[in-house]
Amino acid sequence: MTIRVLLADDQALLRATFRILIESDPGMTVVAEAADGQEAIDLSREHRPDVVLMDIRMPGTDGLAATTDICSRPELAATRVLILTTFENDQNVAEALRAGASGFLGKDVGPDVLLTGIRTVAAGESLLSPTATRALITRFLSTPDEKPLTPPEGLTALTDREREVMALAAHGRSNTEIAEELVVSPLTVRSHVQRAMTKLHCRDRASSSSSRTRAAWSRPARTTADPAVHELRGRVFGPGSRCVHQPLRRESSSPQKIHA
């Protein structure tokens, strides 16, 4: 299936460059180009793209406002937003993810990384560039502790096994890793995840991250990943968030990705 991409950037030269790159991949096509946020909203409603490649700083309606609008429309539930910007600071990253963006990359990424990023978000997964990841962790570490968040009422609909599976998923475990720990098959784990997402009214695995992170509070985490990142999930990606960062591997220089 061809991935349909909408480009949103106020610089015509960059849009032309992105178009050439994207259409060099036989599995992708550019369906429209927008020069500002409002045009991105209008063209998204018209073309229903799989992915919107969104700049942040544009005249009039900026990329963050456009992302909020696109991600809030039920008729665009299947459209994912991938932020591509020069400004990878903590404020922009946090606001973009809270607005509903499925990914955040800098404009200095290579062609292969950009194309992989488009495929990743089109598949319903999420990713952050290493710079964006560091910005969020720095933001978290510099923020004074606040009172703990309370789990949303929707979690009471989960069975004990579903809660256990989602708690492990919130700590970055893959379906295979969860299956090994719980001594069940990966298919069984996938079924639990899908049922839990349905009960939590999440449209995809990425959108379940905020809720499943809170589910982890009821079960101590058995993981060796960075504890700062675990707490970051509950502190930075607040209620209503549809995107979350995968546990950081310190030696990695590639965008951080959540596996389906």
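**Note on the helices and loops of this model**

1. Start with helix α8, residues 175–182. Its buried residues are N175, I178, A179 and L182. Seen down the axis of α8, these buried residues fall within an arc of 100 degrees, so they line one face of the helix. Keep in mind throughout that this is a predicted model.

2. What follows α8? Just after the helix, V183 takes a positive phi of about 60 degrees. V183 sits in the loop between α8 and α9 (186–199). Is V183 buried or exposed? V183 counts as exposed, because its relative accessibility is 71% and the cut-off for exposed is over 50%. V183 is not a glycine. Most residues other than glycine have a negative phi.

3. Now the whole protein. There are 11 helices and seven strands. Of the 260 residues, 51% are buried. Take the contacts with a separation of 6 or more: residues 24 or more positions apart account for 68% of them.

4. Next, the pairing of α2 and α3. Helix α2 covers residues 37–47 and helix α3 covers residues 63–72. Their axes come within 8 Å and cross at roughly 20 degrees. That makes α2 roughly parallel to α3, since angles under 35 degrees count as roughly parallel. The crossing of the two helices is right-handed.

5. Which residues of α2 and α3 meet? From α2 come G37, A40, I41 and S44. From α3 come A66, D69 and I70. By class, this contact of α2 with α3 has four nonpolar, two polar and one charged residues.

6. T61 belongs with this pair of helices. T61 lies in the loop between β3 (51–54) and α3. Neighbours within four places in sequence aside, T61 is in contact with D36, G37, Q38, I41 and A66. Among these, G37 and I41 are also α2 residues that meet α3, and A66 is one of the α3 residues that meet α2. T61 and G37 are 24 residues apart along the chain, yet 4.6 Å separates their C-alpha atoms. T61 counts as partly exposed, at 25% relative accessibility.

7. Look at H47 in helix α2. How exposed is H47? Its relative accessible area is 24%, so H47 is partly exposed; the cut-off for buried is under 20%. Leaving aside neighbours within four places in sequence, H47 is in contact with R4, V31 and A32. H47 and A32 are 15 residues apart in sequence. In space, they are 7.7 Å apart, C-alpha to C-alpha.

8. R48 is found in the loop between α2 and β3. Phi of R48 is positive, near 50 degrees, and R48 is not a glycine. R48 counts as partly exposed, with a relative accessibility of 44%. R48 is partly exposed, whereas V183 is exposed.

9. Back to α3, which also packs against helix α4, residues 90–99. The angle is about 20 degrees and the axes are 8 Å apart. That makes α3 roughly parallel to α4. α3 passes α4 in a right-handed crossing. On the α3 side, the contact is made by L64, T67, T68 and C71. On the α4 side, N92, E95, A96 and A99 take part. By class, the contact of α3 with α4 has four nonpolar, three polar and one charged residues.

10. Last, helices α1 and α5. Helix α1 covers residues 12–23, and helix α5 covers residues 111–122. They pack at an angle of about 75 degrees, with their axes 11 Å apart. How does α1 lie relative to α5? α1 is roughly perpendicular to α5, because angles of 65 to 115 degrees count as roughly perpendicular. F18, L21 and I22 in α1 meet P111, L114, L115 and I118 in α5. The residues of this contact divide into seven nonpolar, no polar and no charged.

11. To recap the packing angles: α2 is roughly parallel to α3. α3 is roughly parallel to α4. α1 is roughly perpendicular to α5.

Definitions and conventions. Residues numbered from 1 in each chain as written. Predicted model: local features only at pLDDT ≥ 70, side-chain atom pairs only at ≥ 80, totals over all residues. Heavy atoms only, no water. Axes fitted to C-alpha atoms, helices over the stretch in contact; angles between N-to-C directions. Helix = DSSP H or I, 4+ residues; strand = E, 2+ residues; numbered from the N terminus. Parallel < 35°, antiparallel > 145°, perpendicular 65-115°, else oblique. Left-handed = near helix turned anticlockwise from the far one by under 90°. Contact = heavy atoms within 4.5 Å. Nonpolar A, V, L, I, M, F, W, Y, C, P; charged D, E, K, R; others polar. Buried < 20%, exposed > 50% of the residue type's maximum accessible area, 1.4 Å probe, protein only. Arc of directions from axis to C-beta.
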